[in-house]
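Below is a short briefing on the structure shown here.

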Amino acid sequence: MVMSVPYRRLLMLAFLLVTAFCALGYRLVDLQVLRHDELRDWAKNNTQRRVLFEPRRGEIRDVRGNLLATSVFVKTICADPTLIGPHAQEVARAIAPLLEVNEAELAQRLQPRLRTNELGNVLTNRYVVLKRKVKVETWQSIQDTMEDLKLSVDETQLTRTERGFYRNLRHKSVFADSLDDQQRVYPNESLAAHVLGFVGVGERVVDGERVIETTGIEGIERTLNSKLSGVRGWRMTETDRSRREVVPFREQEVQARDGLNVVLTIDAGIQHIVEMELAEAIKKHTPISASAIVVRPKTGEILAMATLPTFDPNKPGDFEAAARRNRVICDISEPGSTFKIVVVSGALNEHLVTLQDKFDCEHGQFYYAGKLLRDHHGYGILSVEEIITKSSNIGSAKIGFKLGEEGLHGYIRSYGFGDRTGIPLPGEVAGIVHPVKNWNKLSISRIPMGHEIASTPLQMVMAMSTIANGGKAMRPMLVNRLEDQQGRTVVRYQPQMVRQVVSPEAASQMVQALKTVVATNGTAPKAALEYYTVAGKTGTAQKPPYAPGMYFSSFIGFFPADDPELCISVVLDEPKHGYYGGTTAAPFFHNIAERTASYLNLRPELPVPDPQFTNNPKQRPGLLTARRN
Amino acid sequence: MARNRKNEAAGVRFGPAIKAVLLCLFIAMAAIGFVWQKSQIGALGQQIKERELKLSELKRQNKLRSDQLAQMRLPSVIDMRVRELRLGLVPTQPSQIVRMVELPYDGGQVTMERPVASAVRGGANNQ
């Protein structure tokens, strides 16, 4: 059969159409079915974006709400050298002063470079970090500078493509990284540096996203890092060709939850007083270090904790490791005579002695177990109260004999020596308390005067606070509460009693004895206050290797003695120009106590003279103007 | 008997034409409305973005100001300023404080008392 020509053409056309439709159909199946997953992921990668929201790290405030540490968002400034081309020198000259970096070095980093990766592909350096932690204001200045950048070309004579290059150079060659970063700021610089600690910054990948993390390295920043950090938020969204967000296509969104604010028990005013007085102590006695702690005995709240030499947490790397160490909790030493409170209060609690009981102090020389035990001055018969007043080693050793090894060891442990106090700071050490089985024959005569044992200054001040608090040992408190960003309290910490170490009666008798220490015949008359009765104890311990001039001098006292508000410890490590605790540390206890009482407006315990309203500041010490002895 | 359509008057049938025009108009309006709404969504999205940026900037400025204020109120900074400006400010001394003892209401009389040891025992200390 022969088909007509039109019919053949029609058939051919139909065949072509069917073939074309088949080809299109195959392509459709290929795109929509066979390569569906691959293409879907590709399309998502092109448009979908996950934006991470950085939570603001919580602030640290003192008990009165004064700011001790805060965070500000900052930028990481980067550059794309391929967009800068031959103008690296001019760009560097314009922005180096704003970034506070060396111009020549910056110009070097802005040079376009080629490199080959492991796959053999040639790559350009399109992402160069110029500086991290740049303030937003500085970044705005950089943007303005780049926009007004004068270059050594006549741009009116350029082609359209060349003009595009210079437009990109001005607007896109220097940019801020989209990753949010924040800088920790300590506005008081070194104030309470050892308590606050400092932070470090690290970069890590979370769910495939690069993030910059600020982490506490030391102090409260480290202990409460999880509370301060907050929780990162995110948003799933889509972007257009220019990588601008298409807001209507936003999907999931979870806002970042900022970190909690930490309110410390520290009072910045008292901390300032303490640090100023320690600076004076350093100037006067040039010790290796000077430390002080101010505690409320009734609650265990720490109002101030300072150690000199100190550091600036804004730039911790500029200081030696020794300056960054919190000696109040990390360093141990033999406490010396301040430790006599343990043996005497233990003996009083066991009714083994009374304050009036007499002991023969052997005129300053006492042989025990073949070794000589000395007093600084030769005393004959002394009462228990006088043993404390004069700080007799022989007398306290004889009280220790009465208490016995097991009894003495029990009270030492009961006061908390040999255990960490539980203060929320990293690096606290427990000190050294040997078990009774490891004691030698001399131990029972040496431990009562604070030898053969090692404690931290914090342990000693907490032991003294126990006496001041009627025999109740409190856990040291450094954090008052946690607040959210709106100032609502999330957690409030309460004072915690650890145990009743001695009875209130024994503690009261001990206070009576300690009051005599600051009397004119005691070891620390310079610690006495004008309007308050003070109870306290001096300590002068030799340091290993027990060479001349190597002393650990201290004074720990509290006031008002019968209803204590504050317990203060001052410790000087190897002071010069005198080494007795009563002559080196006690005057600074006096200054701190006097100024702190004035700052807190403590009601005077003793009668005060008639009001004298005078404008002469030299007559009156206080927070703002210190009186020097 | 059926009418002869050949002899029928040649009148225009407007009904279907109007329907067709209305349908076209409806489709056109719907299309324009859709595009307009899309445009509005896009414009509002841009506004949202701008306002978010503004809010973020205002929050930053607010934080900056509150930090500046907090810094100026720090005891150490106040102390330093007092020294710099030589204002001669000193804290009140116990001898300069007159303490009022609050007694039960006795007809409006107020007793003023010097602080002595016997008066303060058992009383609040931190005032």
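**Briefing: chains, domains and cores**

The model is predicted: local features need pLDDT of at least 70 and side-chain atom pairs count only at pLDDT 80 or more, while totals for chains, interfaces and linings use all residues. Residues are numbered from 1 along each chain as its sequence is written, and chains are lettered from A and ligands numbered from 1 in the order in which they are written.

**Chain B**
- The secondary structure of chain B comprises three helices and two strands (DSSP runs, H or I of at least four residues for helices and E of at least two for strands, numbered from the N terminus).
- From the N terminus on, these elements follow the order α-α-β-β-α.
- Helix H1 of chain B (residues 14–72) has 59 residues and reaches 84 Å from its first C-alpha to its last, close to the expected 87 Å (1.5 Å times one less than the number of residues).
- The number of buried residues in H1(B) is zero, so this helix lies largely in the open.

**Domains of chain A**
- Chain A is divided into domain 1 (45–71 + 186–264), domain 2 (81–172) and domain 3 (268–480 + 493–619), with bounds from an automatic or database domain assignment.
- The centres of domain 1 and domain 3 of chain A, taken over C-alpha atoms, are separated by 42 Å.
- Their contact takes 24 residues from domain 1 of chain A and 20 residues from domain 3 of chain A (C-beta atoms, placed from the backbone, within 7 Å).
- On the side of domain 1 of chain A that touches domain 3 of chain A, helix H7 (193–196), helix H8 (219–223) and strand S14 (261–264) each supply at least two residues.

**Nonpolar cores**
- The largest nonpolar core has 120 residues, and A:Ile293, A:Ala304, A:Val344, A:Met464 and A:Phe589 have the most contacts inside it (a core is a set of buried Ala, Val, Leu, Ile, Met, Phe, Trp, Tyr and Cys residues joined through C-beta atoms within 7 Å).
- Helix H18 (residues 457–468) of chain A gives the largest share of this core, eight residues.
- Domain 1 and domain 3 of chain A each contribute at least three residues to this core.
- Another core, of 16 residues, lies apart from it and includes A:Ala79, A:Leu106, A:Leu130 and A:Val134.

Notes
Buried ≥ 20, exposed ≤ 12 C-beta atoms within 10 Å, placed from the backbone. Contact = placed C-beta atoms within 7 Å.
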